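Okay, everyone, thanks for coming. Let me put the structure up and then walk you through it.

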Amino acid sequence: MLAFILQRLIQAVVVMVTVAFIAFLLFQYVGDPVVILLGPDATKEQVNLLRADLGLEQPFFVQFGHFLTNAVQGEFGLSLRQGAKVSRLIAERLPATLELALVAATLALVVGIPMGVYAALRRGTWASQLIMTVSLLGVSLPTFLIGILLILVFAVMLGWFPSFGRGDVVQMGWWSSGLVTVKGWHHIALPAVTLAIFQLTLIMRLVRAEMLEVLRTDYIKFARARGLSNRTIHFGHALKNTLVPVLTITGLQLGGLIAFAIITETVFQWPGMGLLFIQAVTFADIPVMAAYLCLIALIFVVINLVVDLLYFVVDPRLRVDKAGGH
Amino acid sequence: MNVLKRWLNSDVGYSFRHSPTAMLAAGMAFICLFCSVFAGWVAPTNPFDLATLELSDARMPPAWLDGGSSKFLLGTDDQGRDILSALIYGSRISLVVGLASVMLSVVVGVGLGLLAGFRGGWIDALLMRLCDVMLSFPAILVALLIAGVGRALFPNAPESLAFGVLILSISLTGWVQYARTVRGTTLVERNKEYVQAARVTGVAPLRIMFKHVLPNVMGPVMVLATIQVATAIITEATLSFLGVGAPPTSPSLGTLIRIGNDYLFSGEWWITIFPGLMLVLIALSVNLLGDWLRDALNPRLR
């Protein structure tokens with residue numbers, strides 16, 4: 001098991017260094033920072049002085065080393081558009097995105113798993129047929145259209161929910177939370193539902209498929225033969241065994257949630273990292289783009305790692321396999 | 001005519017004639033394709049001809065609502081453009097970008113997949129690790145990043161270059177799936193007798209790859225490509241909606257939705273909802289067609 005963890009760690013480090021290298025290349029070859037900082041009218045001496053000052057004269061790999069050390073400390077320089085430190089900009093926006101993603105993930109799990117279980121246990125009833133048909137629609141509708149439709153119905157026509165911003169935000173240390181006020185929950189409702197719908201349908205279909213699979217296995221038949229109640233069989237035996245793939249997908253989708261948050265944040269003008277990134281892309285603000293890229297990669301790598309490790313906790317068979325195999 | 005008749009009598013044709021969903025989807029896809037190819041004749045007006053635009057026609061609701069005019073069946077936008085015409089021209093751009101990026105990713109993906117499967121060794125290992133890394137990030141994120149870098153590299157790019165970057169950014173995320181599929185099938189195919197026979201008779205490796213192996217790995221690729229057209233169109237729409245896709249001077253469906261989104265709050269829902277519906281219609285019909293093709297080509301389901 002130790003070898004497995006070590007191998008995964010090395011893989012993670014390789015991915016991170018690759019992503020950092022791409023980000024570094026962006027810095028190096030997209031837009032000359034000297035021209036941006038000095039403007040087109042600078043003299044040759046000024047340019048050379050600044051080049052030496054910024055360390056642009058040093059060999060390629062020395063510069064990359066500097067970039068790495070800075071990146072590890074969360075230092076990506078100044079935003080070209082806003083003039084503020086990139087690390088501060090991102091730290092300001094991080095809570096909004098994480099809260100949105102967490103509420104959406106919770107929503108998707110809390111609604112998706114029971115619906116999937118229901119659709120599997122009551123297969124063929126009209127209610128489960130309806131669930132499956134609606135879920136197909138949820139998969140084929142693009143996220144931004146779902147957001148627009150929700151705004152049209154619930155914000156413009158019915159006026160039940162606000163359609164943009166975070167509402168009242170309470171500052172707790174460096175973390176700004178919208179989840180402690182009623183207004184904050186009011187504001188997060190539509191974006192969270194928009195973000196959750198795709199994941200919800202995915203989780204639901206997965207739970208249903210896995211559940212149907214498990215219910216056919218021998219140990220379920222044996223449990224029935226032992227005279228256990230339906231309740232114990234369904235929730236004690238069957239559901240527990242469907243949770244391994246569900247856990248994997250949910251974990252991996254958490255990264256997807258943060259990526260799709262870009263779209264949701266644009267539709268609802270939610271002041272998170274995604275909106276920051278989109279603005280950086282439209283204005284070619286390389287430092288912000290590079291920092292976001294590294295941060296997202298880090299989140300993805302950590303999630304993948306945690307999911308891999310959780311396998312061992314959830315599924316004892318893996319522990320035996322690996323230990324005996326090598 | 002003869003070709004069509006022969007196709008309808010083949011296995012795939014038989015399954016097509018007996019699947020109402022497939023026929024409906026094909027019909028819808030054909031109508032969309034026809035309208036966008038002949039947009040100049042089908043569309044009631046030319047939405048990009050500034051001379052015909054009148055600001056007094058701006059923000060008119062669809063014909064069946066109060067204040068609507070039969071001249072503009074689906075209403076007009078903020079500049080007095082006919083929504084129906086803008087939608088037809090917009091779906092042309094969406095379809096062209098979608099099809100072009102799928103074609104590009106098929107060429108790149110199939111080529112690299114063949115190479116990886118046929119040659120093996122370090123090329124294979126390198127390409128597959130690259131695929132792993134690409135797959136661990138969502139496609140939309142990679143596409144956004146490439147579109148952003150393209151913007152930074154060519155700040156004042158002409159329109160054709162903007163479309164080039166757009167197509168590139170979508171296809172660079174799409175090739176991975178083809179590469180993996182083709183590599184898997186190639187690994188199986190390359191040990192079969194016909195490949196060995198070709199080798200023994202002295203056929204050049206490149207010729208074996210393209211003339212002998214390639215036709216046998218194209219089945220799954222066709223299914224994948226059909227479904228990917230829908231994905232590519234939606235990705236394009238999303239990029240355009242986010243403001244990094246098709247330029248406003250030649251708007252795709254996503255750009256139209258983005259423009260219309262600003263008027264949602266003043267109650268002019270038709271500017272954004274109709275392009276949205278069109279997008280869903282195209283994506284849905286292509287998806288249904290892809291689903292059917294997968295079932296029809298899968299011998300296990302027959």
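I'll go chain by chain, then look at where the two meet.

Some housekeeping. What you see is a predicted model, so local features need pLDDT of at least 70, side-chain atom pairs count only at pLDDT 80 or more, and totals for chains, interfaces and linings use all residues. Residues are numbered from 1 along each chain as its sequence is written, while chains are lettered from A and ligands numbered from 1 in the order in which they are written.

Let's start with chain A. Its secondary structure comes to 13 helices and 2 strands; helices here are DSSP runs of H or I with at least four residues, strands are E runs of at least two, and both are numbered from the N terminus. Chain A has 326 residues, and 36% of them count as buried. By buried I mean that 20 or more other C-beta atoms lie within 10 Å of the residue's own, with exposed being 12 or fewer and partly exposed in between; the C-beta atoms are placed from the backbone. Take contacts in chain A between residues at least 6 apart in sequence: 71% of those join residues at least 24 apart. Two residues are in contact if their C-beta atoms, again placed from the backbone, lie within 7 Å.

How far can we trust chain A? The mean pLDDT is 78, and 89% of the residues reach 70 or more; pLDDT is the predictor's confidence in each residue, from 0 to 100.

Now a helix pair. Two packed helices are described by the angle between their axes and the distance between the axes. In chain A, α5 (residues 86-121) and α6 (residues 126-140) pack at about 130°, their axes 9 Å apart. The axes are lines fitted to C-alpha atoms, for helices over the stretch in contact, and the angles run from 0 to 180 degrees between N-to-C directions. So α5(A) and α6(A) are oblique to each other: under 35 degrees would be roughly parallel, over 145 roughly antiparallel, 65 to 115 roughly perpendicular, and the rest is oblique. The crossing of α5(A) and α6(A) is left-handed, meaning the near helix is turned anticlockwise from the far one by less than a right angle; clockwise would be right-handed. From α5(A) the contact uses Met115(A), Tyr118(A) and Ala119(A), and from α6(A) it uses Ser128(A), Ile131(A) and Met132(A). That splits into 5 nonpolar, 1 polar and no charged. Nonpolar here is Ala, Val, Leu, Ile, Met, Phe, Trp, Tyr, Cys and Pro, charged is Asp, Glu, Lys and Arg, and the others, Gly among them, are polar.

Val301(A) sits in helix α12, residues 286-314, and counts as buried because it has 21 C-beta neighbours inside 10 Å. Leaving out residues up to four places away in sequence, Val301(A) touches Ala12(A), Val15(A) and Met16(A). Val301(A) and Val15(A) are 286 residues apart in sequence, yet 7.8 Å apart in space, C-alpha to C-alpha.

Then there's Gln269(A), in the loop between α10 (230-268) and α11 (273-282). Gln269(A) isn't a glycine, but has a positive phi of about 50°. Is Gln269(A) buried or exposed? Exposed, because it has 12 C-beta neighbours inside 10 Å.

On to chain B. This one has 12 helices and 0 strands, and 45% of its 302 residues count as buried. Helix α9(B), residues 193-200, is hardly covered, with 0 buried among its 8 residues. After α9(B) comes Gly202(B), with a positive phi near 85°.

In chain B, α5 (residues 83-119) and α12(B) cross at roughly 35°, and their axes come within 10 Å. That crossing is right-handed. The contact of α5(B) with α12(B) has 8 nonpolar, 2 polar and no charged residues.

Finally, where do the chains meet? Contacts link 34 residues of chain B with 29 residues of chain A. On the chain B side, α7 (139-153), α10 (205-242) and α12 (270-297) each supply at least two residues, and α7(B) gives the largest share, 10 residues. By class, the chain B side divides into 24 nonpolar, 9 polar and 1 charged.
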